[in-house]
Amino acid sequence: MKNRLSRLAVPYVIWMALFVVAPIVMIVVYAFTSAEGGFTLANFSRMGLYGVVFFRSFKLALIATAICLVIGYPVSYMMSKEGPKFQRVAMVLIMLPMWINFLLRTYSWMSILENNGLLNQFFQKIGLIGLCNALFGTNLDYFPMMNTQGAVVLGMVYNYLPFMILPIYSVIVKLDGSLIEAARDLGANGLSVFRRVILPLSLPGVLSGITMVFVPSVSTFAISKMLGGGTELLLGDLIEQQFLGGAYNPQLGAAISLVMMVIVVVCMVVMNRFGEGEEQAVML
Amino acid sequence: MRGNTKPRGRALSRFFTALVFLFLYAPILLLIIFSFNKGNSNTVWTGFSLDWYKSLFQNRLIMRSVYTTLLVSLLATAIATFAGTFAAIGFYSLRRRSRTVLNTVNSIPMMNADIVTGVAMCLFFVAFFTFWSDFAVWFNGVQHLVTLPPRLTLGFGTLLIAHVTFNIPYVILSVGPKLRQMDKNLVDAAQDLGCTWMQAFWKVILPEIKPGIASGALTAFTMSVDDFIISYFTAGSSSSTLAMTIYGMTKKRVTPEINAISTLLFVTVLVLLVIVNLREARLEQTGRQERRPRSQRLTRFLDSPRGKVFRRGTAGVLAAAFLVVVVLLTSATNAQPTVNVCSWGEYIDEELITQFEEETGILVNYQTAESNEALYSLLKSGAGDYDVIVPSDYMISQLIEENMLAELDYSMIPNYTLISDRFKGLTYDPQERYTVPYAWGTVGIIYNTAMVEEPVTSWSVLFDDDYAGNVLMFRNSRDALATALSYLGYSLNTTDEAELREAFQLLKDAKGRGVYQSFVMDEIFQKLEGGNAAVGVYYAGDYLTMLENNEDLAFVVPEEGSNWFMDAMCVLKDAPHYEEAMAWINFIASTEANLANMDYIWYASPNQEALEQYPAYYEKLYEEPLDPEIYEIMAAPQEVLDRCEAYLVLPAHIRALYNDLWTELGI
């Protein structure tokens with residue numbers, strides 16, 4: 001019986017071999033190929049040059065992930081404590097923004113953050129900019145918010161926050177209430193219940209959330225292009241540039257992708273060691 | 001645990017949650033509000049109107065991409081849900097070790113960065129197509145019963161495969177846990193009691209995992225609709241999703257029509273979700289008793305002999321429907337003659353496309369690339385599969401050099417004779433074999449007179465600290481380095497490495513000192529028009545478009561000289577729609593089309609008649625004479641052109657140097 005059912009996996013295994021594994025093999029092959037077609041390591045020898053970009057991308061993605069965690073965890077926790085009706089509405093509200101394309105939402109942030117944008121117009125109106133000039137002796141017409149690393153991080157947090165909230169929430173909401181009661185009966189106070197029961201049990205959700213925020217953040221190119229102004233490249237920009245952008249060099253692009261992939265995988269493996277044996281949490 | 005929270009803590013936590021939701025929804029609210037704006041700005045409110053909703057339904061580009069998006073998402077979700085559910089059951093029944101391995105592979109598309117997945121698939125497809133074309137040629141030679149199409153391209157098929165591939169893991173991930181929660185003995189018991197495994201699946205497994213399937217399908221669909229990056233690399237030139245259309249627009253100006261379509265989609269989903277949730281809530285209130293019998297009735301029915309027929313019938317109908325859809329899709333795209341055109345942003349009067357389609361019945365797939373270099377990458381990587389392209393002079397030389405262009409059949413382009421003699425046989429195509437000129441112009445500095453006091457005359461404004469943080473620089477290597485070369489007094493076509501490095505250093509230093517607010521291409525429109533930057537460098541025609549929206553802007557071709565360029569229509573080698581391409585080129589080369597284009601894009605036409613007639617045309621259309629100054633910016637007079645230099649194709653090692661310098665500048 002078991003073995004008959006296991007045959008159901010065969011078509012998908014073939015599919016994965018074709019469309020998941022083979023393309024990644026292509027990346028590896030390209031990374032070790034020179035423009036003329038021979039084997040080479042030259043694509044990697046230039047990697048040091050891009051160290052800055054690697055560092056910047058990982059830094060910004062880490063900050064964004066940390067902020068998402070700091071906002072997302074409490075929200076998930078609080079949501080799980082509300083009534084079922086509230087929870088349902090909240091879930092819908094968190095999923096819903098994904099139905100407006102993320103490029104458009106990011107574009108909307110552009111019109112908010114621009115030097116002449118809505119936020120600066122608002123600050124101007126309430127006199128905040130004047131006040132700031134008077135207080136600090138600066139000579140500002142606006143607060144420069146666009147084209148900064150802060151704007152890029154904001155874009156990441158904004159776009160990927162639901163990916164943090166959903167898995168954490170889905171784990172917390174399924175926690176066995178009797179465990180908490182037991183902890184209380186055994187004399188734990190609120191804080192230690194949280195620290196010793198809820199937090200460890202919600203770890204799979206947290207790990208899954210961190211992955212789902214960190215990976216797209218570290219490799220984004222649209223957000224950095226739109227909110228970062230292209231003055232400070234991220235890894236995604238660098239890769240896109242080599243494939244479809246202004247500096248065609250697919251071999252180099254594949255090499256950068258490969259290095260990024262390896263670093264991310266190593267990070268994930270190390271991180272998942274913390275939650276050893278735990279199943280990854282699901283989004284819904 | 002609910003009783004334990006203190007009221008004050010509760011209020012505080014609700015306040016916090018409300019703040020987070022405000023953060024999530026503020027930009028969306030803004031989008032919705034400005035879809036009702038009268039003007040086309042996203043920041044200035046000029047009055048309520050529903051015009052954008054009206055014009056939305058006439059915008060073919062948007063409607064077509066909405067259609068593609070919904071179609072690909074629905075199909076991909078259906079396939080992924082079906083395949084993913086069975087795959088999950090298969091995985092579940094495997095031995096532990098092989099399951100772990102497969103689960104790891106399964107999570108690759110989710111754990112991997114989208115861009116790597118997209119790039120990898122693009123490389124894979126292109127490699128497969130090369131292999132396929134060799135195979136098809138061989139196969140067609142060996143036998144004559146079946147003719148295989150020798151040429152495959154990226155398109156809807158590859159887009160669908162990519163979406164299915166990244167959707168299945170989400171389905172498996174949400175079905176898997178439900179399977180594990182299920183009592184393993186149930187299936188065995190069912191079989192002991194005489195169920196076939198098919199019956200066991202329908203009666204035991206399916207009811208248990210249904211919630212998992214539903215949430216998996218919902219996640220998959222949401223991911224499909226929201227995806228941009230993977231589609232961007234796998235959709236090719238003939239199909240584009242809404243996300244890709246939006247990405248093309250975010251570079252110049254997002255028309256509020258996009259706000260309108262997004263609002264419509266948003267409201268639809270909101271209503272759907274509200275209905276579903278209300279129903280669920282009601283079901284929960286009336287208790288579960290009602291649901292059980294129904295599902296039992298269904299399984300009982302499905303097990304009856306009639307049910308068996310029904311089951312097979314539905315499976316058959318579903319499979320047939322799927323096939324029909326696929327066949328219709330492929331035939332719909334093949335039946336109508338089409339031509340794939342790739343041009344630049346804001347570079348055609350879109351009325352012309354409609355007019356051409358009506359006159360000839362040929363469907364135009366109109367796409368835009370960001371720059372010559374980006375176009376080249378698109379062509380080389382195989383992601384761009386066009387018939388007609390409109391590259392600039394130096395890129396044409398390069399494409400000819402690399403044997404990528406097809407010779408034109410000028411007997412099919414009678415309007416070629418209308419092209420002014422001074423624009424025929426230019427250095428990039430001396431024998432007039434490959435090109436029909438499209439438009440020409442100059443590069444210059446655009447500045448906002450409200451923010452810059454003295455008139456600008458020199459390139460120095462792009463490298464000095466006077467307007468630090470307020471300068472917009474080109475985001476393509478050739479144009480950006482040209483500004484620096486010109487400032488330093490070197491030729492724009494220099495092959496001297498030292499001169500190039502000096503120019504690069506100038507840019508790099510300026511960037512290091514924070515002179516540049518950002519590196520832009522068509523984003524420059526909204527940045528300069530909105531007064532978000534003081535100085536920029538761009539093309540003359542686009543300056544005139546900006547001037548329509550912001551009268552404070554001024555344009556100058558710097559005294560050191562600049563670049564003048566010619567963009568010309570070319571056809572790619574082995575273009576699948578050669579004759580349609582000729583018809584398109586001939587149509588665009590006509591005097592009427594050139595006049596309409598000139599009026600819309602403000603670039604000078606190479607058509608002698610159009611060039612001469614334009615001032616009169618303008619006066620008739622707007623009932624006021626054309627400002628001669630504007631005409632001179634559009635069609636630069638000879639003394640300005642004398643100061644300017646056209647780009648020539650550079651030798652390969654210098655091009656490689658450009659790429660390296662460019663990547664280095666970005667760091």
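Two strands count as paired if DSSP finds at least two bridges between them. Helices (H or I, at least four residues) and strands (E, at least two) are simply DSSP runs, numbered from the N terminus. You're looking at a predicted model, where local features need pLDDT of at least 70, side-chain atom pairs count only at pLDDT 80 or more, and totals for chains, interfaces and linings use all residues. Residues are numbered from 1 along each chain as its sequence is written, with chains lettered from A and ligands numbered from 1 in the order in which they are written.

View 1. Find Val471(B) and you'll see Tyr516(B) of S7(B) standing opposite.

**View 2. Helices H7 and H8 of chain B cross.** Helix H7 (residues 184–192) and helix H8 (residues 197–226) of chain B pack at about 130°, their axes 10 Å apart. (Axes are lines fitted to C-alpha atoms, for helices over the stretch in contact, and angles run from 0 to 180 degrees between N-to-C directions.) That angle makes H7(B) oblique to H8(B), the label for whatever is left once angles under 35 degrees (roughly parallel), over 145 (roughly antiparallel) and 65 to 115 (roughly perpendicular) are taken out. Residues are in contact if their C-beta atoms, placed from the backbone, lie within 7 Å. On the H7(B) side look for Leu186(B), Val187(B), Ala190(B) and Gln191(B), which meet Trp197(B), Ala200(B), Lys203(B), Val204(B) and Ile205(B) in H8(B). Sorted by class, this contact has seven nonpolar, one polar and one charged residues. (Ala, Val, Leu, Ile, Met, Phe, Trp, Tyr, Cys and Pro are nonpolar, Asp, Glu, Lys and Arg charged, and the others, Gly among them, polar.)

**View 3. Where chain B touches chain A.** Chain B puts 98 residues into this contact and chain A puts in 96 residues. On chain B's side, helix H1 (residues 7–34) gives the most, with ten residues. The chain B side divides into 57 nonpolar, 32 polar and nine charged residues.

View 4. Chain A has 14 helices and zero strands. Its C-alpha trace spans about 70 × 65 × 30 Å along the principal axes.

Definitions and conventions: Two residues are in contact if their C-beta atoms, placed from the backbone, lie within 7 Å.
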